[in-house]
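Subject: Structure handover

Hello,

Here is the structure I promised. Please look it over before our next call.

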2 protein chains.
Amino acid sequence: MAKEKSETLPVRISRVLAERIISGQIEPGARLRQDHVAVEFGASHVPVREAFQRLEAQGLAVSEPRRGVRVAAFDLREVREVAEMRAALEVLALRHAGPHLTRAMLDEAEEATRAGDNSPDVRAWEEANRRFHRLIVTPCAMPRLLAAIDDLHAASARFLFSAWRSDWEARTDHDHRAILAALRAGQVDEAAIILARHVQWIGSKPVRTAAGGTRDVFAIQG
Amino acid sequence: MAKEKSETLPVRISRVLAERIISGQIEPGARLRQDHVAVEFGASHVPVREAFQRLEAQGLAVSEPRRGVRVAAFDLREVREVAEMRAALEVLALRHAGPHLTRAMLDEAEEATRAGDNSPDVRAWEEANRRFHRLIVTPCAMPRLLAAIDDLHAASARFLFSAWRSDWEARTDHDHRAILAALRAGQVDEAAIILARHVQWIGSKPVRTAAGGTRDVFAIQG
DNA sequence: GATTCCAAAATTATAGATAATTTTGCGAGT
DNA sequence: ACTCGCAAAATTATCTATAATTTTGGAATC
């Protein structure tokens, strides 16, 4: 019906649904009903089903035969799992990217770090943070590895948004600057070590809720 | 029509096609035509399209919008990429699995190693090899990580089969035994180091072709 | 002889329709 | 009041049909 710009329908649907799942707009465990999604996008359920397959492959949805597909649930265990996988894969990517990093790329990464420090909300911070991480690993030129890292970032972002639902305070990201400093000095190994620790850093932090009390949430950085 | 045993149709189709792609039965770059696949499985193209989405997510097929899907091509660069990803992720998995490995599991892994050494063909060797690798990492209990490793193993197997198409000679796998020895001694770090080197070991080896000449192929071990 | 163009055939992508299964709501029985 | 079971509604999964796009083959042209 509407004129698309060469982006295939299942891709578009899965991308929009992925954004909603990541941002927490759709709750974990919520059912994704193909007909409802179809009418919303003015499509039929065939492309919707294909979109569901994509979401499942990304780990954002789970499908039970004959019983439909639900938004994937997640717990602290999986948060840790994703963090460790990110650490392993991003370090690998950085080691290969290191030799090909130009001064211009590092400047761009520093700009992303600044943007993160000045973010007004989690959403903006997450976007800047992801830009930083992607910039320093992209030159590895390993498409499969980069795609895997992207999927893990999506999962990370999901956890992040679920933790800091409402309150947010910006803070300067010392790890990012330390990584950049090491890379500028040509010390890729040193940068990789900091990156691994940075990504895996998962702690616990009391957060003021809207009601005025405090609750303990896990904190994700990087 | 036919009675299904609770395995969903797209899953079944994608699994069969994946086997063919991995074994080299379908050549890289070959077109996968939905109607042809559909009639072969006695189905329509709707479940076939969903199967194609799965294959694409696994990295076994690539889809160009409006132009159909083809079996993914691969080159030496990607072989190396997959090997390095495997090394990074399997080491991570082994580190977590280490403390939970029981004597019985290690015995089973040793049995898999023996089976590999006595394999009559590549196919059998690959199956035993995969069993070994899966056995020693499974106790990490990280489902997402294990799924990622499985996909990488599928890619590895593909490369393996394309290299050793016809000739094959069994040989004893010293690395597997060294890994087991280290694990039995409780030296998980040592085992992880050997595993990383083992998986990444990619060399070059002259292979006799059916025509009688020799050509240079890459060799994969692990 | 090679190239370009056009029409026919094949193929992809989506829509609409149908069968089968699961969920839901309500009433009967305890 | 609670549970069990059955019937109605909703939903999934698949098939058939249709529109749109790409590929293919051949004839006309340079």
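My notes on the DNA contacts and the chain interface follow.

This is a predicted model: local features need pLDDT of at least 70, side-chain atom pairs count only at pLDDT 80 or more, and totals for chains, interfaces and linings use all residues. Residues are numbered from 1 along each chain as its sequence is written, chains are lettered from A and ligands numbered from 1 in the order written, and side-chain values use heavy atoms, without hydrogens and water.

DNA first. DNA strand C has 21 residues around it (near: a heavy atom within 4 Å). Among the closest are Ser44(A), Arg67(A) and Arg66(B). A backbone N or O atom of Ser44(A) sits 2.4 Å from a phosphate oxygen. For Arg67(A), a side-chain N or O atom is 2.5 Å from a phosphate oxygen. A polar backbone atom of Arg66(B) is 2.8 Å from one.

Now the interface. Chains A and B bury about 2500 Å² between them, 55% of it on carbon and sulfur atoms (accessible area lost on being put together, 1.4 Å probe, summed over both). Gln53(B), Glu81(B) and Arg144(B) supply 28% of the area that chain B buries against chain A. Four salt bridges cross the interface (a side-chain nitrogen of Lys or Arg within 4 Å of a carboxyl oxygen of Asp or Glu). Arg144(A) and Glu78(B) form a salt bridge at 2.9 Å, N to O.

Best wishes

Note on methods:
Polar contact = N/O pair within 3.5 Å; in protein donor to acceptor, adjacent residues only side chain to side chain. Buried area = accessible area lost by both parts, 1.4 Å probe.
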